[in-house]
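Look at the sequence and the model shown here.

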Amino acid sequence: MDRMRRLRKNETIRSMVRENHIRIDELIYPIFVIEGENICNPVDSMPGICQYSIDRLYEELDRVCNAGISAVLLFGIPARKDEAGSGAYDENGIVNQAIRYMKKNYSHIVVIADVCLCEYMSHGHCGIVKNGEILNDETLPLLAKAAVSYAKAGADIVAPSDMMDKRVAAIRQALDKEGFTEVSVMSYSAKFASGYYSPFRDAAGSAPCFGDRKTYQMDPANGREALREVEQDILEGADFIIAKPALGYMDVIKDISLHYNIPIAAYNVSGEYSMVKAAAMQGWIDEKKVVMENMVGLKRAGAKMIITYHALAIAKWIKEME
Ligand code: PBG
Ligand code: ZN
């Protein structure tokens, strides 16, 4: 007679039959770098997360190293914003400074640079705005320029998160033309217009000042469309793809993993992080159990890498279990 419980008899057996594992080398940790000096600004809506100026970035990077985490995703908060998002591709822009600093002092860490304009635009949208509309084709050269400038600074991977059509092709072409054939593109392919991004917008100061992002980010109701987005990005030259948010979209991750042979990063976004932290701080849930359960759920769905603000904590828990 089948008795499933025989597989659960003790931890040794459970561990032997365990199908999915969280590995430290598959975690990607997002970091917010801000222009200025001596800054370590806690983000109220994301307990444990701060914005760092370059001169204090070592505090966070030392934690990253000690945790054994090998990849970070950089977001920049510029001193000034304008209508062209010029801080995103200024050679001395905040992300470029951070990349150069990291390549000089932490050369073993893989640097992924988020490519978008919203943090650098006075209106907070991810593209050029004209008459209240977010323009697609006019935005592409700026994204490509930003990607090339991060490559020049030493980024290993660029990650466009804007959701303009054909941006992966534009970025890939520009990188190749400038000789950066070895810099990879990790595209936010299936990025939904989500309520789960609000804490991030506090952290990055990137909330749109009018309207929303629904004309470029995906409708949460659409799963099949996500496969088309992924297909296009692969054809345009993406090396990795990102699905985002993660937890409410595990079906999308599963579908992508069944259809395509490309490494998938699940982005466990700010709102997902903040909800867990808030409940844990109230003593309503066990933070470690819930976080690890969420992470293994993403692996089960088919994610290869996980981008998460919990990364430092997860790495610590994994080491404790070893
Ligand atoms: C900006 C960007 C966003 C996130 C990553 N890049 C937010 C947005 O689209 O407004 C969200 C990350 C998170 O919530 O953790 N293009
Ligand atoms: Zn954006």
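This is a predicted model: local features need pLDDT of at least 70, side-chain atom pairs count only at pLDDT 80 or more; totals for chains, interfaces and linings use all residues.

Residues are numbered from 1 along each chain as its sequence is written, chains are lettered from A and ligands numbered from 1 in the order in which they are written, and side-chain values use heavy atoms, with hydrogens and water left out.

Rolling a probe the size of a water molecule over the atoms shows where empty space is left. On a 1 Å grid over the protein atoms alone, a cavity is a set of points where a 1.4 Å probe fits but cannot get out, while a pocket is an open set with protein on both sides within 12 Å along at least five of seven lines; lining residues have an atom within 4 Å of a point. Grid points are joined across faces, edges and corners, and a volume is the space filled by probe spheres set on the points.

How many cavities of 30 Å³ or more does the search find? There is 1 in the whole structure. The largest cavity holds about 130 Å³ of space. Its lining has 19 residues, and those closest to its centre are Cys-118, Lys-191, Tyr-197, Phe-200 and Lys-244. Strand β9 (184-191) and helix α6 (198-204) each supply at least two lining residues; helices (H or I, at least four residues) and strands (E, at least two) are DSSP runs, numbered from the N terminus.

Buried means under 20% relative accessible area, exposed over 50%, and partly exposed in between (1.4 Å probe, protein chains only).

Now the open spaces. The largest pocket has a volume of about 390 Å³. Among the residues that line the largest pocket are Glu-11, His-21, Met-292 and Glu-322. Helices α10 (287-301) and α11 (311-321) each give at least two residues to this lining, and α10 gives the most, with 3. The second largest pocket has about 340 Å³ of space. Its lining includes Met-4, Arg-14, Val-296 and Arg-300, and the elements giving two or more residues to it are α1 (11-17) and α10.

How many disulfides are there? A disulfide is a pair of cysteine sulfur atoms within 2.5 Å, and the count comes to 0. Cys-65 is one case: the closest cysteine sulfur, in Cys-40, is 17 Å from its own, so the two are too far apart for a bond. Cys-65 is partly exposed, with a relative accessible area of 26%.

Val-230 counts as buried because its relative accessibility is 0%. Val-230 and Tyr-188 are 42 residues apart in sequence, and their C-alpha atoms are 8.9 Å apart in space.
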